[in-house]
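New notebook page. I want to get to know this fold before anything else.

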Amino acid sequence: MVRRRSREGGRGRSLSLGWPACCLGFLLKLLAFLQAFAAVSALLYAAWMLSRWARHHQLHLSDLLSSDLWFPSLVMAAGLFYCLLLLAGYLAAEINTGCCLCFYTIPAMAMMLLEAALAAHLALNQHWIQDLPEDRTGELHNLLSFIHNNLDLCKWAALAIFATQALSLLLAMILRAMLSARTVDYDSDEDFVVIRRPLLVAQAPAPYLPTTVDTRGACPDLWSSTMRHKYGLNTSDYTYNTLDANAAPPQ
């Protein structure tokens, strides 16, 4: 009875934690869907730069690792990593397990730290453009010109993307903490009171077996009738308890 009540209590707590977990998972999937536009845009932009390069130059797969195409390759790698990260976050919110959430939160945190370090470097170093290798495609110069002409729009877009990433990371960490708390709650010994039973069930003691053997044979009724007819004796007057050693003998 105690075990059944504890299971019902655990089921009630899991249901109470289910609705907040579902809401957080839905918000995490929604934010991953919104960030997917930026990731896919980066992939499309890299593909467009490579297509323009291929119009005037012969493009091979090994050229993506050359110094001439470092900028399109970097944009494509960043977009591909971002897409994989968002896919991991979407699956983690759908499966709702702590392991998948760890696979999302750790790379997401590393990416945000890298973005913050890059933004601080660009803000503090005014000559950062000179530290970069030469871009033979010319797309880096075109991108910088577009950012300079639309500086306010690019700032708000960057802040929106960064805020979305931070909110997604926060939701993933909260969801991971809720799942950890629920797992500890299930594993607690206080919720399950087990009534143990002994391995050996106590049995009633065996009845006392007389150590004396009745010399009158296996049929006491037949012996009594024989003695009564032959000698005229009533054997009930001469019986005594053979099990008691201290009993007085018949007179």
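**Ground rules.** I'm working with a predicted model, where local features need pLDDT of at least 70, side-chain atom pairs count only at pLDDT 80 or more, and totals for chains, interfaces and linings use all residues. I number residues from 1 along each chain as its sequence is written, and side-chain values use heavy atoms, with hydrogens and water left out.

**Fold.** I looked up the elements and got six helices and zero strands (DSSP runs: H or I of at least four residues for helices, E of at least two for strands). Of the 251 residues, 20% are buried, that is, under 20% relative accessible area with a 1.4 Å probe, protein chains only.

**Cores.** Next I checked the largest nonpolar core, which has 22 residues; such a core is a set of buried Ala, Val, Leu, Ile, Met, Phe, Trp, Tyr and Cys residues joined through side-chain atoms within 4.5 Å. Leu 28, Leu 101 and Tyr 104 have the most contacts inside it (contact: heavy atoms within 4.5 Å). Two or more residues each come from α1 (2–56), α2 (70–95), α3 (98–124) and α5 (151–187). Apart from this core lies another, of six residues, including Trp 70 and Leu 140.

**Pocket.** Which residues lie nearest the centre of the largest pocket? I noted Leu 118, Leu 122, Leu 143, Ile 147 and Ala 158, out of 40 lining residues. α5 gives the largest share of that lining, 10 residues.

Methods: Buried means under 20% relative accessible area, exposed over 50%, partly exposed in between (1.4 Å probe, protein chains only). On a 1 Å grid over the protein atoms alone, a cavity is a set of points where a 1.4 Å probe fits but cannot get out, and a pocket is an open set with protein on both sides within 12 Å along at least five of seven lines; lining residues have an atom within 4 Å of a point.
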